[in-house]
Amino acid sequence: MIKTVRSIAVALSTGALLSAVATAQSVDLTGAGATFPYPIYSKWFSDYAQRTGVKINYQSIGSGGGIRQLSEQTVDFGASDSPMSDQELANAKGGPILHFPTVMGAVVVTYNLPGLSRALNLSGDAIADIFSGKITKWNDAQIVAQNRGVSLPNSDILVVHRSDGSGTTYIFSGYLSAVSPSWSASLGKGKEIKWPVGLGGKGNEGVAGQVKQTPGSIGYVELAYAKQNKLRYANVRNAAGRNVTPSIASVTAAAAGMKLPKNTDYRVSIVNAPGKDSYPISSMTWILAYQNQPDRVKGAKLVNFLRWAYRDGEKTASSLDYAPLPAPLVAQLQNRLKAIRVADTRVGEAR
């Protein structure tokens, strides 16, 4: 009897061990970072797993968290909507990090005003004054002047902002710094801002959720999150003085004015881009990878995934309201993959 019990215990222990090993082996790559591209990345990872059997686990924890985890080498790749700073690159434990733009998207100013019949028009100055707490009522003269014929309530504006280190915040605050001298001088741009007013939400999903359930609120999220939650979003005045609706076309127009230097590392901004059709709060988003990959198998799998994303994934970007990268840029990035090395061996040609 005792022998039988011991046999069962050993079998259970062995089974648990094998189950744990199987679980660990079921994920081929791990990544963490930006919530901004999470909807399209989720689709890509699912499509890629179905096509190749390679499973990618991605934690949507915000750009700041992704940069930290990659820097500490606890994930195989990071993701961010804000390029890493020179200091962040220098602090990374695994050596040089390469930036790979993946898709482009729009940060939208989303709001909850029941009964409003059409989209609001907002200038950069008005947006800056709302999020800095200078404009506190929906019927403020500055908002009314930009929305003739719209009946705006005499009610308080509740600002909702990100509570975590966020590339979306970096894009949004970068735009406001570019168009509002007072914002630039006081709050500036960064993944984290010392917000003078408002409530915090974690991730794009957190901000979208707060706005959706709170009448009178206003926040900023990636376009896909506003659409998924059926939230209204503003037309924003661009550098040409036109009120532009965020869309794939208007983000693509913003990218059309992008001029990359010859030896670019792809840490570039397209906020407040020139052009009459450009949406001004547009940005690329990046996957971050160590140039020198310590694990030969994982390194090859990461390169193969990125090569697939540029070849096939870009075709599905518009289905989730992201703008695909321009074809010439994709060709450059395919070539850039050859710079990733595994054990001193170039794997950019891996298939």
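Trainee: Is Lys-301 buried, exposed or partly exposed?
Mentor: Lys-301 counts as partly exposed, because its relative accessibility is 24%. Buried means under 20% relative accessible area and exposed means over 50%, with partly exposed in between (1.4 Å probe, protein chains only). This is a predicted model, in which local features need pLDDT of at least 70 and side-chain atom pairs count only at pLDDT 80 or more, while totals for chains, interfaces and linings use all residues. Residues are numbered from 1 along each chain as its sequence is written, and side-chain values use heavy atoms, with hydrogens and water left out.

Trainee: Which residue forms a salt bridge with Lys-301?
Mentor: The partner is Asp-28, and the closest N and O atoms are 2.6 Å apart. Lys-301 lies in helix α12 (residues 296–311) and Asp-28 in the loop between α1 (2–26) and β1 (29–33), so the pair ties together parts 273 residues apart in sequence. Helices (H or I, at least four residues) and strands (E, at least two) are DSSP runs, numbered from the N terminus. Asp-28 itself counts as buried, at 17% relative accessibility.

Trainee: How many salt bridges does the structure hold?
Mentor: The structure holds 14. A salt bridge here is a side-chain nitrogen of Lys or Arg within 4 Å of a carboxyl oxygen of Asp or Glu. One of them joins Asp-277 and Arg-242, at 3.2 Å from N to O. That pair links distant parts of the chain, 35 residues apart: Asp-277 is in the loop between α11 (248–256) and β12 (282–290), and Arg-242 is in the loop between β10 and β11. Asp-277 is partly exposed at 37%, and Arg-242 is partly exposed at 39%.

Trainee: And what about Lys-315, buried or exposed?
Mentor: Lys-315 is exposed, with a relative accessible area of 62%. Its side chain meets that of Asp-312 in a salt bridge of 3.6 Å, N to O, and Asp-312 counts as buried at 18%. Elsewhere, salt bridges that share partners join Asp-86, Asp-265 and Arg-267 into one network.

Trainee: Changing topic, how many aromatic pairs are there?
Mentor: A search of the whole structure finds 19. Rings of Phe, Tyr and Trp (its six-membered ring) pair if their centres lie within 6.5 Å; planes under 30 degrees apart count as stacked, over 60 as edge-to-face and the rest as tilted.

Trainee: Why is the pair of Tyr-58 and Phe-77 called stacked?
Mentor: The pair is stacked because the planes stand at 10 degrees, with the ring centres 6.3 Å apart. Tyr-58 lies in strand β2 (residues 56–60) and Phe-77 in strand β3 (residues 77–80), so the pair ties together parts that are 19 residues apart in sequence. Both residues are buried. They also belong to one aromatic cluster, whose members include Tyr-38, Trp-44, Phe-305 and Trp-308.

Trainee: Which residue lies over the face of Phe-100?
Mentor: Arg-336 does, at 5.5 Å from the ring centre. A charge sits over a ring if NZ of Lys or CZ of Arg is within 6 Å of the ring centre and within 35 degrees of the ring normal.

Trainee: Which residues of helix α13 (residues 327–336) are buried?
Mentor: Leu-329, Val-330, Leu-333, Gln-334 and Arg-336 are buried. They cover an arc of only 155 degrees around the axis, which puts them on the same side of α13; the arc is that of the directions from the helix axis to the C-beta atoms. Ala-327 and Pro-328, on the other side, are exposed.

Trainee: What do the buried residues of α13 pack against?
Mentor: They pack against β4, β12 and α12. Leaving aside neighbours within four places in sequence, Gln-334 is in contact with Arg-307, Tyr-310 and Arg-311, where contact means heavy atoms within 4.5 Å. Gln-334 has a relative accessible area of 17%.

Trainee: Where is Thr-110?
Mentor: Thr-110 is in strand β4 (residues 97–111). Thr-110 is buried, with a relative accessible area of 0%. Leaving aside neighbours within four places in sequence, its contacts include Val-211, Tyr-220, Leu-231 and Tyr-233.

Trainee: Last topic: in what order do the three strands of the open sheet stand?
Mentor: The order is β5-β10-β11, with mixed pairing. β5 (121–122) and β11 (243–244) stand at the edges, each with a single partner strand, so one side of each is left without a neighbour in the sheet. β5 and strand β10 (residues 235–237) pair in the parallel sense over two bridges; two strands pair if DSSP finds at least two bridges between them. The bridge partner of Asn-121 in β10 is Asn-235.
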